Amino acid sequence: MKMTDTIEQLNGMELAEVYDLHWLYHHDGRGYDSHDDEFNYCYDCANTIYNFLIGITIEKPGAKYLEIPDWNDCTEKNTAIKEDWGHHAYDTRQFCYLCGCILDVPLTNDGIESELDHFESIEEIKSPEDKRLFLEVLREIEYVESENFTFEFMTTDEIEEANQLYKRALDLLPKLNKAAV
Ligand SMILES: [Zn+2]
């Protein structure tokens, strides 16, 4: 079974949605708050928190994984919602801290490896969320199949590493449950 065929099949399946990554920016007048980059959200959740921080809404949003930023004196001038444009690759898959949805970010090789570890540890790739996460991993490593290496930028070791990740991903294809959930 080829990876590109599987990617095509996955595209036709029921998958969890992915959302663009946003974070909240806050300037307290003395310097950038060190917490700026630790909180990643989908736009809707970033907006919910933003509205609370600057006082448009009163009820504090409840976070699924972490507390929301405890910044004081937030105003429209010193606080903003920022969007990640996909320049930065992450070592782990990113989820919205408020609602837990999957965020659309590129992964480093370490990030791909930890996703492969996850799929190697489960029996079957079945839920719409796992199928989405699996699709995202395959997309990251698909280029190996077409040997579309950017030789100017990749060392022999890096190509070898990519080949290893590709082989591991290929071994996982039979775990994919083709039936609709
Ligand atoms: Zn969210």
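# A walk through the helices, cores and loops

Start by selecting α4 and helix α5 (residues 156–172): their axes come within 10 Å and cross at roughly 145°. Axes here are lines fitted to C-alpha atoms, for helices over the stretch in contact, and angles run from 0 to 180 degrees between N-to-C directions. Helices (H or I, at least four residues) and strands (E, at least two) are DSSP runs, numbered from the N terminus. Before you click further, know that this is a predicted model, in which local features need pLDDT of at least 70, side-chain atom pairs count only at pLDDT 80 or more, and totals for chains, interfaces and linings use all residues. Residues are numbered from 1 along each chain as its sequence is written.

**Stop 1: α4 against α5**

Stay with this pair. The crossing of α4 and α5 is left-handed (the near helix is turned anticlockwise from the far one by less than a right angle; clockwise would be right-handed). Now show side chains: Val 137, Leu 138 and Ile 141 of α4 meet Ala 162, Leu 165, Tyr 166 and Ala 169 of α5. Two residues are in contact if their C-beta atoms, placed from the backbone, lie within 7 Å. What classes of residue make up the contact of α4 with α5? Seven are nonpolar, with no polar and no charged ones. For these classes, Ala, Val, Leu, Ile, Met, Phe, Trp, Tyr, Cys and Pro count as nonpolar, Asp, Glu, Lys and Arg as charged, and the others, Gly among them, as polar.

**Stop 2: bring in α3**

Next, select helix α3 (residues 109–121) together with helix α4 (residues 128–141). Their axes come within 10 Å and cross at roughly 135°. That makes α3 and α4 oblique to each other. On the angle scale, under 35 degrees counts as roughly parallel, over 145 as roughly antiparallel, 65 to 115 as roughly perpendicular and the rest as oblique. The crossing of α3 with α4 is left-handed. On the α3 side, pick out Ile 112, Glu 115, Leu 116 and Phe 119; they meet Leu 133, Phe 134, Val 137, Glu 140 and Ile 141 in α4. This contact of α3 with α4 has seven nonpolar residues, two charged and no polar.

The axes of α3 and α5 are 10 Å apart, at an angle of about 25°. So α3 is roughly parallel to α5. Here too you'll find a left-handed crossing, of α3 and α5. From α3, Asn 109, Ile 112, Glu 113, Leu 116, Phe 119 and Glu 120 meet Glu 161, Leu 165, Arg 168, Ala 169 and Leu 172 in α5. Sorted by class, the contact of α3 with α5 holds six nonpolar, one polar and four charged residues.

**Stop 3: zoom out**

Show the whole chain. Of the 181 residues, 22% are buried (20 or more other C-beta atoms within 10 Å of the residue's own; exposed means 12 or fewer, partly exposed in between, with C-beta atoms placed from the backbone).

**Stop 4: the cores**

In soluble globular proteins, nonpolar side chains tend to be buried together. A nonpolar core is a set of buried Ala, Val, Leu, Ile, Met, Phe, Trp, Tyr and Cys residues joined through C-beta atoms within 7 Å. Select Leu 24, Tyr 41, Cys 45, Ala 46, Ile 49, Cys 96 and Leu 98: of the 14 residues in the largest core, these touch the most other members. Both β2 (22–26) and α2 supply at least two residues each, and α2 gives the most, with five. Apart from this core lies another, of 12 residues, including Leu 15, Ile 112, Leu 135 and Leu 176.

Which residues does Leu 24 touch, not counting residues up to four places away in sequence? Look for Phe 39, Ala 46, Ile 49, Tyr 50, Pro 69, Thr 79 and Ile 81.

**Stop 5**

Click Asp 73, in the loop between α2 (43–53) and β3 (79–83). Although Asp 73 is not a glycine, its phi is positive, about 55°. Asp 73 counts as exposed because it has 11 C-beta neighbours inside 10 Å.

Now go to Trp 85, in the loop between β3 and β4 (102–103). Is Trp 85 buried or exposed? It counts as exposed, with 8 C-beta neighbours inside 10 Å.

Finish at Phe 95, in the loop between β3 and β4. Phe 95 is partly exposed, with 19 other C-beta atoms within 10 Å. Leaving aside neighbours within four places in sequence, Phe 95 is in contact with Gly 100, Cys 101, Ile 102 and Leu 103.
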